[in-house]
Amino acid sequence: MATGEESVNIYQAKTEFSRLIARVEGGERIVISRSGRPVARLVPFAPERSTRQPGAWKGRIAIAPDFDAFTADDAAAWFDE
């Protein structure tokens with residue numbers, strides 16, 4: 001169990017669920033235990049990743065006209081020809 005986490009048993013978690021959720025909303029982390037053994041953790045919700053913004057790099061990147069050109073020198077370097 002990490003430092004600063006409170007541990008509550010399942011019965012206490014069931015009877016005080018709303019209060020525990022309010023504490024978690026305030027940033028606390030709470031461990032739920034069964035028979036003294038940690039089995040779950042209540043933590044504040046955090047989105048897994050930020051929302052994608054299509055076009056965020058528009059006008060900031062330029063692709064060279066010969067980007068996909070593959071010359072004989074390239075073949076020699078890549079395929080040891």
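**Contacts, core and charges**

Author: Start with Val-8. Leaving out residues up to four places away in sequence, Val-8 touches Ala-13, Leu-20, Ile-30, Val-31, Ile-32 and Ser-33. Keep in mind that this is a predicted model.

Reader: What makes Val-8, Ala-13, Leu-20, Val-24, Ile-30, Ile-32 and Leu-42 a nonpolar core?

Author: A core set needs buried residues of the nonpolar kinds, joined through side-chain atoms within 4.5 Å. These 7 residues make up the largest such core here. H2 and S2 each supply at least two of its residues. In general, nonpolar side chains tend to be buried together in soluble globular proteins.

Reader: Which strands form the sheet, and in what order?

Author: The order is S1-S2-S3, in an open sheet of 3 strands with mixed pairing. Strand S1 (6-9) and strand S3 (37-42) each have a single partner strand, so they stand at the edges, and one side of each has no neighbour in the sheet. On average, neighbouring strands are turned by 35° against each other, direction ignored.

Reader: How do you know that S2 and S3 pair?

Author: Pairing requires at least two bridges. S2 (residues 30-34) and S3 have 5, in the antiparallel sense. One example: Val-31 has Arg-41 in S3 as its bridge partner. Helix H2 (residues 17-25) lies across S1, S2 and S3, and runs at about 145° to S2.

Reader: Why is the contact between Arg-29 and Glu-5 called a salt bridge?

Author: The cut-off is 4 Å from nitrogen to carboxyl oxygen. Arg-29 and Glu-5 come to 3.1 Å, N to O, so the pair qualifies. Arg-29 is in the loop between H2 and S2, and Glu-5 is in the segment before S1, so the pair ties together parts 24 residues apart in sequence.

Reader: Is Glu-5 buried or exposed?

Author: Buried. Its relative accessibility is 10%, and buried means under 20%. Arg-29, at 38%, counts as partly exposed.

Reader: What makes Glu-5, Arg-29 and Arg-41 a network?

Author: Salt bridges link the three. Glu-5 also meets Arg-41, at 2.9 Å, N to O. Glu-5 lies before S1 and Arg-41 in strand S3, so this pair ties together parts 36 residues apart in sequence. Arg-41 is partly exposed, at 43%.

Reader: How do you know that Glu-6 and Arg-23 form a salt bridge?

Author: Their side chains meet at 2.3 Å, N to O, and the limit is 4 Å. Glu-6 is in strand S1 and Arg-23 in helix H2, so the pair ties together parts 17 residues apart in sequence. By this rule the count comes to 4 salt bridges.

Terms used: Residues numbered from 1 in each chain as written. Predicted model: local features only at pLDDT ≥ 70, side-chain atom pairs only at ≥ 80, totals over all residues. Heavy atoms only, no water. Helix = DSSP H or I, 4+ residues; strand = E, 2+ residues; numbered from the N terminus. Axes fitted to C-alpha atoms, helices over the stretch in contact; angles between N-to-C directions. Contact = heavy atoms within 4.5 Å. Buried < 20%, exposed > 50% of the residue type's maximum accessible area, 1.4 Å probe, protein only.
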